[in-house]
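The points are grouped by topic.

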Amino acid sequence: METGSGMSAETLNRWRLLLGSSADEELSATEHYSPEAFVYRELDELLGYLHDREYGEKEGYRGRQGGRGGSSLTVPDWLARVRKLFPKETVEILEKQALDRYGMSELLTDKAVLESLEPNMNLLKNILQFKGRMKGEVVASAKEIVRKVVDDLRRKLESEARASIAGKRSRYTAGHVRSLRNLNMKKTIGRNLKNYDRENRRFVVDRLYFDGRIQAYNKWHVIIAVDESGSMLDSVIYSSVMASIFYRLNALKTSLFVFDTQVVDLSGRLEDPVDVLMSVQLGGGTHIAKALRYGETLIENPGRTLFILVSDLVEGYPPQQMYRAAKDILDGGSRLLVLTALDFEGQTIHDERAAKTFADLGAEVAAITPNALADWIGRIVN
């Protein structure tokens with residue numbers, strides 16, 4: 001049925017859901033008791049429970065007399081009904097808005113609700129931001145979610161990192177590691193051609209030949225200093241996961257510490273990246289010079305040291321101290337890589353003047369992916 005405005009009732013209702021309860025038009029009363037009307041009103045209530053948090057009297061919100069009745073909803077009820085009415089992709093968007101934009105921290109402080117959420121990177125980031133409000137059993141549930149997301153992330157990154165860093169295959173040396181990955185098929189077939197059984201048309205292999213690896217145990221020291229300010233959250237996550245991967249490689253010795261105005265060394269926790277992430281305290285000031293000076297004390301053999309600074313380079317103290325510390329590290333013979341971002345988004349907001357100064361000093365400055373970081377290390381150690 002067309003309304004006086006020339007729009008169908010369905011079109012008006014859709015606009016009404018977009019504009020919210022402050023719109024001039026109510027939901028259409030046409031076919032008030034039809035199934036479609038009930039669905040629209042339920043959608044209106046669920047969206048209003050979330051989006052009405054954006055406005056109050058101070059913002060000039062024009063709530064209608066009696067409101068929508070959204071106050072009768074609880075977070076578990078809201079979540080259950082949202083999942084019933086919306087597809088999975090929309091549910092994830094609404095959950096993200098509930099946490100990021102509207103501060104619905106009940107999603108993370110109620111054990112049953114938390115456990116019902118889909119483990120993903122966005123939920124991981126929110127847990128790290130809200131973990132200070134969690135208590136008791138909720139913390140244990142949060143850790144399990146963090147573990148699921150981190151383990152999945154590590155599985156995706158680890159094989160490529162190992163391939164980049166553990167050493168290139170050498171076809172000129174015989175390998176002692178007998179694995180399909182190192183099998184030299186051409187050499188194996190060539191050396192066993194003499195064993196071909198013509199009568200039975202069968203290829204008999206009496207020996208397999210494997211490639212060796214170059215510099216399998218070349219100990220380089222990787223020092224990773226991570227700025228734990230709120231804007232670096234994605235980089236904190238990927239840095240912790242990559243550090244735990246490097247820690248497992250025989251070719252590397254790995255140190256990891258996070259910093260704000262203080263430095264916290266997490267090298268002793270690299271066996272478990274979940275423990276590392278749950279130890280991070282996001283926010284606070286930034287003292288990059290102090291972090292660089294601390295990392296400098298960890299350097300034992302400058303010629304085999306890769307110092308990686310992960311930061312937006314927004315220093316809270318006189319920047320000359322930061323540059324002087326960086327120059328001392330470089331002049332001492334270590335390689336310095338400054339990462340303004342370490343994630344798969346490639347977007348970064350950082351102090352461009354500081355980045356240029358670091359580059360002029362001789363540091364390599366970039367925003368790269370975890371795989372690119374592993375390739376960079378692999379090119380140096382191999």
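Asp360 and Lys356 sit four residues apart in helix 14 (residues 352-361), so about one helical turn separates them. The two form a salt bridge in this predicted model, with the closest N and O atoms 3.1 Å apart. Asp360 is exposed at a relative accessible area of 57%, and Lys356 is exposed at 53%. Both values lie over the 50% cut-off for exposed residues.

**Other salt bridges**

- The whole structure holds 13 salt bridges. Side chains of opposite charge can pair when their charged atoms come close.
- Arg293 pairs with Glu296 in a salt bridge whose closest N and O atoms are 2.9 Å apart. Both residues belong to helix 12, at a spacing of three residues, about one turn of the helix.
- Arg293 is partly exposed, with 32% relative accessibility. Glu296 is also partly exposed, with 26% relative accessibility.
- Glu300 forms a salt bridge with Lys253, and their closest N and O atoms are 3.0 Å apart. Glu300 is in the loop between helix 12 (288-297) and strand 8, while Lys253 is in strand 6 (residues 252-259), so this pair ties together parts that are 47 residues apart in sequence.
- Glu300 is exposed at 62% relative accessibility, whereas Lys253 is partly exposed, with a relative accessible area of 35%.
- Asp152, Arg155 and Lys156 are joined in a network of salt bridges.

- Thr305 belongs to strand 8, which spans residues 305-310.
- The relative accessible area of Thr305 is 0%, which is under the 20% cut-off, so Thr305 counts as buried.
- The side chain of Thr305 reaches a backbone oxygen, that of Asn301, at a distance of 2.7 Å.
- Leaving aside residues up to four places away in sequence, Thr305 touches Trp220, His221, Ile223, Ile299, Ser334 and Arg335.

**Packing of helix 7 and helix 10**

- Helix 7 (residues 121-130) packs against helix 10 (residues 233-247) at an angle of about 105 degrees, and the two axes are 11 Å apart.
- The angle falls in the range of 65 to 115 degrees, so helix 7 and helix 10 count as roughly perpendicular to each other.
- Helix 7 contributes Met121, Leu124, Lys125, Leu128 and Gln129 to the contact, and helix 10 contributes Leu233, Asp234, Ile237 and Tyr238.
- Sorted by class, the residues in the contact of helix 7 with helix 10 are six nonpolar, one polar and two charged.

**Whole protein**

- The protein contains 15 helices and ten strands.
- Of the 382 residues in the protein, 44% are buried.
- Among contacts in the protein with a separation of 6 or more, 75% are between residues 24 or more positions apart.

Note on methods:
Residues are numbered from 1 along each chain as its sequence is written. This is a predicted model: local features need pLDDT of at least 70, side-chain atom pairs count only at pLDDT 80 or more; totals for chains, interfaces and linings use all residues. Side-chain values use heavy atoms; hydrogens and water are left out. Helices (H or I, at least four residues) and strands (E, at least two) are DSSP runs, numbered from the N terminus. Buried means under 20% relative accessible area, exposed over 50%, partly exposed in between (1.4 Å probe, protein chains only). A polar contact is a pair of N or O atoms within 3.5 Å; within protein, one must be able to donate a hydrogen and the other to accept it, and residues adjacent in sequence count only if both atoms are side-chain atoms. Contact means heavy atoms within 4.5 Å. A salt bridge is a side-chain nitrogen of Lys or Arg within 4 Å of a carboxyl oxygen of Asp or Glu. Axes are lines fitted to C-alpha atoms, for helices over the stretch in contact, and angles run from 0 to 180 degrees between N-to-C directions. Angles under 35 degrees count as roughly parallel, over 145 as roughly antiparallel, 65 to 115 as roughly perpendicular and the rest as oblique. Ala, Val, Leu, Ile, Met, Phe, Trp, Tyr, Cys and Pro count as nonpolar, Asp, Glu, Lys and Arg as charged, and the others, Gly among them, as polar.
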